[in-house]
Amino acid sequence: MAETAFMDKLTALCKRRGFIYQSSEIYGGIGGFWDYGPLGVELKRNIKDLWWRDMVTNPPNGADGHEVEMVGVDCSIIMNPKVWEASGHATGFADPMVDCRQCKARFRADKIWQLLVLQEEATEAFFKAREFERDNPGSKVNTEAGLLLAVGAEADGAAEVMSRAQSLIRSEAKKRNVAPLKRASVTDVKRKALFAVAESDNDESTGYLGVLARPVQVALEIQVCPNCQSVGTLTEPRAFNLMFQTYVGAVQDDSAKAYLRPETAQGIFVNFKNVLDTTRVKVPFGIAQVGKSFRNEINPRNYTFRSREFEQMEIEFFCHAADSMKWYEFWRKVRFDWYVNLGLKSEKLRLRDQGPEELAHYSKACADIEYLFPFSDEHQELEGVAHRGNYDLTQHAKHSGKDLTYFDDEAWERDKANFGGDKAKEKTAKNAEPYRFLPTVIEPSAGADRATLAFLCEAYTEDQAPDENGVMQTRVLMKFHPKLAPIKVAVFPLVKKEGMPDIAQAIYRDLKQHMTAFYDDKGAVGRRYRRQDEVGTPFCITVDGDTLKDGTVTIRDRDTLAQVRIHKDAVRDWLRERLGR
RNA sequence: GCGGGUGUAGCUCAGUGGUAGAGCGUCACGUUGCCAACGUGAAUGUCGUGGGUUCAAGUCCCAUCACCCGCUCCA
């Protein structure tokens, strides 16, 4: 793919200029973890800071035309493990899962075995094997011979099931135009399957995963979806939890097990009541959080795009169900525009509404903000804006036993006269909609590292610029939006004499109090410009002979190479105007 | 997770079983008069890691780790 060369050049630049390093590099690295270098940390922090400023400190006016009320939290990464039971992360994905590509059904891999066409027979054989063990004390049915012996008695019934499975597989394979199964006969498969079941039951040394792995493997070899009966459409099982496990306290037993959070959102939900009780916010309002999350990705890849440790920028926006679609539309647009305004070109950036089949059962709508990265032919998710209903608060209310409902004082004060002073009626009405309710949540959840990578990809540019002889040369530059640029301004003396360095340094010392600034007096000025181009510094200020006479300096634009000349005392305001601060 | 590929200086890469290399970059000094390739000089490597074969391994073999590509996957 031609774009591989692009990523190679970008990753080389990121390393060379200190944007991104591989984690633990001198020890050979570690898969799925990355470090930000001196320039990378500035870039990423600019992204996070701007997000916070634009979404929390000073968000745009809301769907109702009023100012949007936003507050922040910063929650611990390790939480009570019950949080993950409530959220579904611990239970839903602790088991190996298998998906059908055809009908999108998902099965627990250990259950799929029971659902398959050979179900009855296998179960039967399994119990036969158990009986055999019981009737023959001291023996273990953990050999193929022993199992076949156990199955032997049921040979007649087995033949029927087998031929049914065989013909089903053949016809499905033909219908879907997929390659027929490679094995000689289903008998073989069946034998292996039965063996695997017995073995997994007897062998505890392989543990939970080992026990499941074999029957699952066999089930996959048979390749019939229990739901839609398609052949060859099942994925391999994802046979482990994506949660990072750890232990709290020095004793590492099961009671001390805990997890590094796989998302920052749950910290917000868990603190929903705290924020309500302590900050005078009123629905609708949002809680924001920026922080690290951890997922044991099966296959981290594509540079920093899918890392095992990553940073999220999440908002949970709480509103009344009746207004929720308005707010959903609001955030969907606000978040998309945010990327555009910071320089992601709209032809590579896409706002994609998820189809009904993609939505979680509790979700009314979800839109992904996706970017066409150079390493992929398809758009990849930067951020998801999800309408989550009141699922999360419901779950936490249920699991914690705490009341997480919201009471709308204003609406009640407005309406309570309608109940004519009937205390019983009032009491009933107060504790129901629309006065007391579990807020609906709109969740814009962005990946800080993914955004950083997208801005890096977008910024990388090669163009032609003249050298000192007027010959065009390839120039590499990072066209960061000035607000994102790691270094805002570089200050140079044109040459290192006649007092130019002193003036330049004075300018530099003034500027660095207000923005990231860089001073350089080494080598030809053209070379210094190019060095700044490569790290995306939008403006370079040069002190020259005229400065000595009239106090003016040149400001050179990274993208156009154009220069303007202004008085050195006006430089700071000139820059701040263009940096939006 | 499977298959294929790569791993040598900060970056890009040469390197036939026999002394560790180039270009760019970096640093120092000189030069400098607005867009990288002027001069002189300098630093830089357990050749990804660990074993093995060999008199001798960057080179051959095995294992392992990381990255890239394809499939797979991505709440």
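**Close-up views of a predicted protein–RNA model**

Residues are numbered from 1 along each chain as its sequence is written, chains are lettered from A and ligands numbered from 1 in the order in which they are written, and side-chain values use heavy atoms, with hydrogens and water left out.

**View 1. The protein surface near RNA strand B.** RNA strand B is surrounded by 51 residues, and the closest are Asn-299, Arg-306, Asp-467, Gln-473 and Arg-531; a residue is near the strand if one of its heavy atoms lies within 4 Å of it. Of the atoms of RNA strand B that come within 4 Å of the protein, 54% belong to sugar and phosphate. By class, this surface has 14 nonpolar, 16 polar and 21 charged residues. Ala, Val, Leu, Ile, Met, Phe, Trp, Tyr, Cys and Pro count as nonpolar, Asp, Glu, Lys and Arg as charged, and the others, Gly among them, as polar.

**View 2. Individual approaches to RNA strand B.** A polar side-chain atom of Arg-556 lies 2.8 Å from a base nitrogen of RNA strand B. For Gly-28, a backbone N or O atom is 3.1 Å from a sugar or linking oxygen of RNA strand B.

**View 3. An aromatic pair.** The structure holds 26 aromatic pairs, that is, rings of Phe, Tyr and Trp (its six-membered ring) whose centres lie within 6.5 Å. The pair of Tyr-362 and Tyr-391 is stacked, because the ring centres are 3.8 Å apart and the planes are at 15 degrees; planes under 30 degrees apart count as stacked, over 60 as edge-to-face and the rest as tilted. Tyr-362 counts as partly exposed at 24% relative accessibility, whereas Tyr-391, at 18%, counts as buried. Buried means under 20% relative accessible area, exposed over 50%, and partly exposed in between (1.4 Å probe, protein chains only).

**View 4. A cluster of rings.** Phe-269, Phe-272, Phe-285 and Phe-318 are linked into a cluster by ring pairs.

Notes:
Predicted model: local features only at pLDDT ≥ 70, side-chain atom pairs only at ≥ 80, totals over all residues. Polar contact = N/O pair within 3.5 Å; in protein donor to acceptor, adjacent residues only side chain to side chain.
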